[in-house]
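Dear colleague,

Please find below the structure that I am handing over to you.

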Amino acid sequence: MFSIIVGIIVLIVTTVCNVVMFRKAGYKGWEAVVPYYNTWCMMKLIGLPAWHAVIIFCGQVLSVIPFIGALFSIAYVFYMLCFTWMLYKTYGVPMSKFIL
């Protein structure tokens with residue numbers, strides 16, 4: 001029960017932070033809530049081609065395949081770290097906060 005409550009709290013905080021981030025970037029708040037559209041919007045925001053959103057989707061789908069899925073999962077985590085770092089640079093957040 002505790003895990004469910006913590007999960008819901010994390011979901012709410014993440015959603016609110018995404019809405020604030022999207023509004024700051026000039027997008028509408030509802031765009032942060034639509035699952036794959038928000039990734040596509042963030043790709044445009046940091047200057048990556050929109051087809052990179054397909055890489056993220058494939059990483060999520062292909063991660064269920066045995067052995068190959070583990071490799072895709074590792075690559076997906078690395079890509080998401082790079083993506084987050086580029087997003088931080090876009091907003092001018094110092095690298096020290098990215099590491100934390």
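**Helix packing and cysteines**

In this predicted model, α2 packs against helix α4 (residues 68-91) at an angle of about 55°, and their axes are 9 Å apart. The two helices, α2 and α4, are therefore oblique to each other, and their crossing is left-handed. On the α2 side, the contact is formed by M42, M43, L45 and I46, which meet Y79, F83, M86, L87, T90 and Y91 of α4. By residue class, this contact of α2 with α4 comprises nine nonpolar residues, one polar and no charged.

Helix α2 (residues 35-46) also packs with helix α1 (residues 2-25), here at an angle of about 40° and with the axes 12 Å apart. That angle makes α1 oblique to α2. The crossing of α1 and α2 is likewise left-handed. From α1, the residues M21, F22 and A25 meet N38, C41, M42 and L45 of α2. The contact of α1 with α2 divides into six nonpolar residues, one polar and no charged.

As to the cysteines, how many disulfides does a search of the whole structure find? The search returns zero. For C17, the closest cysteine sulfur is that of C41, and because the two sulfurs are 18 Å apart, they are too far from each other for a bond. C17 counts as partly exposed, since its relative accessibility is 46%. C82 is also partly exposed, with a relative accessible area of 27%.

With kind regards

Notes
Residues are numbered from 1 along each chain as its sequence is written. This is a predicted model: local features need pLDDT of at least 70, side-chain atom pairs count only at pLDDT 80 or more; totals for chains, interfaces and linings use all residues. Side-chain values use heavy atoms; hydrogens and water are left out. Axes are lines fitted to C-alpha atoms, for helices over the stretch in contact, and angles run from 0 to 180 degrees between N-to-C directions. Helices (H or I, at least four residues) and strands (E, at least two) are DSSP runs, numbered from the N terminus. Angles under 35 degrees count as roughly parallel, over 145 as roughly antiparallel, 65 to 115 as roughly perpendicular and the rest as oblique. A crossing is left-handed if the near helix is turned anticlockwise from the far one by less than a right angle, and right-handed if clockwise. Contact means heavy atoms within 4.5 Å. Ala, Val, Leu, Ile, Met, Phe, Trp, Tyr, Cys and Pro count as nonpolar, Asp, Glu, Lys and Arg as charged, and the others, Gly among them, as polar. A disulfide is a pair of cysteine sulfur atoms within 2.5 Å. Buried means under 20% relative accessible area, exposed over 50%, partly exposed in between (1.4 Å probe, protein chains only).
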